[in-house]
Amino acid sequence: MTSETGRPAPAAVTAASAYTPRERKLILTFAIIGALIESMELNLLSFPLRDLAGSFAVTNQAVVGVITLQSIASIAGGFLFGWLADRRGRRLTYVAFTALYSISAVVGGFITDFGVFTASRAVAGLAMGGAFGVIFAMFAESWRSPKRGLMGSVLQGMFIAGTLITQLVLYITISLLGSDSGWRVGFVGIGVGCLLIAGTAAIWLPESKVWQAAGSAPARSAEGAARVPVDAALVRGGLFLTLCTTGVFAASYSYITFAPTFLREVAGASLTTSTLVLTVGTLLGIASYLVAGALSDRVGRRRATLGAC
């Protein structure tokens, strides 16, 4: 292929050709770990909801309000860190949002004022909102297999796995140290662990060569850009999948957020029993994501989506 100047056009930079095996492994490893620890941080408030309410002498509903604010802040974070990732690169953005929500968790473990604690979780939500989009971009720009259904299911599986790790860490700390000290030590421990990941990524995470190539490509003028007709079927499909995704997340996040408190306060289950129930449910969730993702690569996205719904 030749360019408009008659010279041979440079080969396209793709996920299959851009990286050495070591670089690809590092990017995929940090992407998987990033999805895991982002979920750990996201669900810090859900498992110890009753313990948080007791420590700050507020109602459960007040803590739910903090969870809601954290979620709203994550919407803004998605736009902010998505923009930053396209401007400054995947690595810098990954390190930035990971460090920010990690520090928020560590600081939150020492806060005694509920208003200040709420503000710290809003900052954490802002940082966590940027994680999934950037991580998915890292995955897509380095995953060379055509089996993208499996790719998506691995990322979502890590989201559920992170929930499981948070539950187990907080179960241990609360069981050993009591309600107030337990969740605080859990916050600090998880925050420090995630902060170490941020520091490691700053040193070892390779930058996306696909992003670098896109940034160095000559910009096309509006006149020279080809007009792509709107595909009505594509628009309908996008709207349908958006509605499905909204429903799935509303259902799953409601379960993740409120199931621990329901089991302990309404069902009267002990901390040990509720943790066991949540663990079994979480493991089943991981398995279902992997099965659905692999199935979508075999029978198609539409059939797999309708079957899962």
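**Exercise 1. State which elements cover the buried residues of helix 6, and name those residues.**

Step 1. Cover for the buried residues of helix 6 includes helix 1, helix 3 (60-88), helix 4 (90-108), helix 5 (114-129) and helix 7. Contact here means heavy atoms within 4.5 Å. Helices (H or I, at least four residues) and strands (E, at least two) are DSSP runs, numbered from the N terminus.

Step 2. This is a predicted model, in which local features need pLDDT of at least 70 and side-chain atom pairs count only at pLDDT 80 or more, while totals for chains, interfaces and linings use all residues. Residues are numbered from 1 along each chain as its sequence is written, and side-chain values use heavy atoms, with hydrogens and water left out.

Step 3. Helix 6 spans residues 131-140, and its buried residues are Ala131, Val134, Ile135, Ala137, Met138 and Phe139. Buried means under 20% relative accessible area, exposed over 50%, and partly exposed in between (1.4 Å probe, protein chains only).

Step 4. An α-helix has 3.6 residues a turn, so residues three or four places apart point the same way.

**Exercise 2. Describe how helix 4 packs on helix 5.**

Step 1. The axes of helix 4 and helix 5 are 8 Å apart, at an angle of about 160°. Axes are lines fitted to C-alpha atoms, for helices over the stretch in contact, and angles run from 0 to 180 degrees between N-to-C directions.

Step 2. The angle makes helix 4 roughly antiparallel to helix 5. The classes are: under 35 degrees roughly parallel, over 145 roughly antiparallel, 65 to 115 roughly perpendicular, and the rest oblique.

Step 3. The crossing of helix 4 and helix 5 is left-handed. A crossing is left-handed if the near helix is turned anticlockwise from the far one by less than a right angle, and right-handed if clockwise.

Step 4. Helix 4 contributes Phe97, Leu100, Tyr101, Ser104, Ala105 and Gly108, which meet Phe117, Ser120, Arg121, Val123, Ala124, Ala127 and Met128 of helix 5. These contact residues divide into nine nonpolar, three polar and one charged. Ala, Val, Leu, Ile, Met, Phe, Trp, Tyr, Cys and Pro count as nonpolar, Asp, Glu, Lys and Arg as charged, and the others, Gly among them, as polar.

**Exercise 3. Describe the packing of helix 10 on helix 11 and on helix 2.**

Step 1. Helix 10 (residues 232-266) and helix 11 (residues 271-299) have axes that come within 9 Å and cross at roughly 150°. Helix 10 is therefore roughly antiparallel to helix 11, and their crossing is right-handed.

Step 2. Tyr255, Ala259, Pro260, Leu263 and Arg264 of helix 10 make the contact with Leu271, Ser274, Val277, Leu278 and Gly281 of helix 11. The division is seven nonpolar, two polar and one charged.

Step 3. Helix 2 (residues 49-56) packs on helix 10 at about 75°, with axes 8 Å apart. These two helices, helix 2 and helix 10, are therefore roughly perpendicular to each other.

Step 4. Here Leu49, Arg50 and Asp51 of helix 2 meet Thr257, Thr261, Arg264 and Glu265 of helix 10. The contact of helix 2 with helix 10 has one nonpolar, two polar and four charged residues.

**Exercise 4. Is Ile174 buried or exposed, and what does Ile174 touch?**

Step 1. Ile174 lies in helix 7 (residues 148-177). With a relative accessible area of 7%, Ile174 is buried.

Step 2. Not counting residues up to four places away in sequence, Ile174 touches Pro48, Asp51, Ser179, Gly182, Trp183 and Leu271.

Step 3. Ile174 and Leu271 are 97 residues apart in sequence and 9.0 Å apart in space, C-alpha to C-alpha.

**Exercise 5. Locate Ala57 and give its phi.**

Step 1. Ala57 is found in the loop between helix 2 and helix 3. Its relative accessible area is 71%, so Ala57 is exposed.

Step 2. Ala57 has a positive phi of about 55° although it is not a glycine. Most residues other than glycine have a negative phi.
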